[in-house]
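Trainee: Please show me the structure. Then let us work through it in questions.

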Amino acid sequence: MDQNKQAAIAAIDAKADLIAKVSDAIWDYAELSLMEEKSADQYCEALQKEGFQVERGICKIATAFSASFGSGRPVIGILAEYDALSGLSQKPGSLEREELVLGGCGHGCGHNMLGAGAMAAALGVKAYLEKTKTSGTVILYGCPGEEGGAAKAFMARDGLWKTLDAAITWHPGDANEVATGSSNSCIQTQYTFRGIASHAAGSPDKGRSALDGVELMNIGVQFLREHMSSKARIHYAITDAGGRSPNVVQPKASVLYMVRSNRVAEAVELQKRVDDIAQGAALMTGTTFEKKFIDGLADTIPNHTLEAVLYENFQALGVPAYTAEEHAFADALAKTYPSADALPGQGAKNDPAVAEKVKALREKCGHAMNEFLMPLYQGEAFTPGSTDVGDVSWLTPTVQIHVAAFPNGAPGHSWQNVSIGRTSIAHKAVVHAGKVMAAATIDLLEKPELLARAREEFEKATAEGYTCPTPKDAVPVVPD
Ligand SMILES: [Zn+2]
Ligand SMILES: [Zn+2]
């Protein structure tokens, strides 16, 4: 690793206390999607103090921001998230389920770390740009609502990501790896039916049931499932059944739908058929309905060129190392869930040869924290879940890494993840993620041929063009 890169890494180490403090503060705030006011403030203030040019409320989203440093091209975006999940309040560093705030929220997806690690990367790149006076800009993007609201997709609709030469992000995980593969596209829509209330026995002929509208819509979608791609998925939840009185004809009822398909263009087409079914249900029941767009996420386009750059830097920097005490805590935490023996990583799931290698690495490690780097895997990999990083990846070459922050096999969105998210293990993950992303960014700034190759691969992979799932006039909202 050359001197300039080493200096950037040293700059991150010098800020390790600040980075950990921010990660812990965001953990404490545990704010839900699109309500991350204190969290966004924390980042904006810290970055302003560090000399970044901060713009708040970008793309008309109150808790979104950008913080940039440097000038000219290339422009590299680093993506931060900071939203928590409801019902997951948990005492930190605990080995059992103990709520910190009754009914409170918690960082079960580790987004407190995600944002802080992204900030760490930006601080490292800033130090490099300052020292070398190289042409280039690093922009940290504060992206709210990953768990609902999907700010990155709204930013994609507004064309923001098109201005970047590349985007880099990470997610805390149970292994150290460069992520690859595709994810499902997902469109979320709330349908609210309105009818006429009346006495269900005395004057049923006067009533028009909104609940009937919801039920017939669900039945219509049930029949649709036979005639759609077997890879597509449609989920729903009745969020308002109209009340608790069977003897009242329900005047209002709501259902929340999620339409998923591997490619975003297919999801948009399937969504239209679901809309038609809602219309049919309203016609059948003499009700009306309103449609509220919640969010739309595209599938993810991998970029193998960028993956290789991240991998090379991951190899050079190694992985976080743990003390005996940290290992003991994570080993004990891993005993609280059933999936602790699963093989980690996308490669192990998709390629038996990789699975063999990962198995050997796990056995050699012997601990719940995976203290090794996963082999670089660039084969087929498909995650049925969805992320708004997908929308970024349709507009600029994009890459993601995972850094071990949770013990092996830890379930997503769990109290275990909240518990470990405010410990020294989490702090190590955050700082390390920052270093790998900063070192890779420096390569992209120094070697234009890498960005050119990444761009060429990106143009081929996205030749059909981005079908934006977010309507022109939609604004980020949470379901009622
Ligand atoms: Zn999540
Ligand atoms: Zn997440």
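The talk below goes through the metal sites, a pocket and the nonpolar cores.

Mentor: This is a predicted model, where local features need pLDDT of at least 70, side-chain atom pairs count only at pLDDT 80 or more, and totals for chains, interfaces and linings use all residues. Residues are numbered from 1 along each chain as written, chains are lettered from A and ligands numbered from 1 in written order, and side-chain values use heavy atoms, without hydrogens and water.

Trainee: Which residues coordinate the zinc ion (ligand 1)?

Mentor: Donors are N, O and S atoms within 2.8 Å of the metal (3.2 Å for Na, K and Ca); water is not among the atoms, so sites may look incomplete. Here the distances run from 2.0 to 2.3 Å. The donors are Cys109 (SG), Glu147 (OE) and His413 (NE2).

Trainee: How many residues apart in sequence are the parts that Cys109 and His413 tie together?

Mentor: Helices (H or I, at least four residues) and strands (E, at least two) are DSSP runs, numbered from the N terminus. Cys109 lies in the loop between strand S5 and helix H4, and His413 in the loop between strand S15 and helix H13. The pair therefore joins parts separated in sequence by 304 residues.

Trainee: Which residue bridges the zinc ion (ligand 2) and the zinc ion (ligand 1)?

Mentor: The zinc ion (ligand 2) has His111 (NE2) and His171 (NE2) among its donors. The two zinc ions lie 3.3 Å apart. The bridge between them is Cys109.

Trainee: Is Cys109 buried or exposed?

Mentor: Buried means under 20% relative accessible area, exposed over 50%, partly exposed in between (1.4 Å probe, protein chains only). His413 has 38%, so His413 is partly exposed. Cys109 has 13%, so Cys109 is buried.

Trainee: Which element gives the most to the lining of the second largest pocket?

Mentor: A pocket is an open set of points on a 1 Å grid over the protein atoms alone, with protein on both sides within 12 Å along at least five of seven lines; lining residues have an atom within 4 Å of a point. Strand S10, helix H7 and strand S13 each give two or more residues. With four residues, the top contributor is H7.

Trainee: Which residues touch the most other members of the largest nonpolar core?

Mentor: A nonpolar core is a set of buried Ala, Val, Leu, Ile, Met, Phe, Trp, Tyr and Cys residues joined through side-chain atoms within 4.5 Å. This core has 77 residues. The members touching the most others are Leu140 and Trp170.
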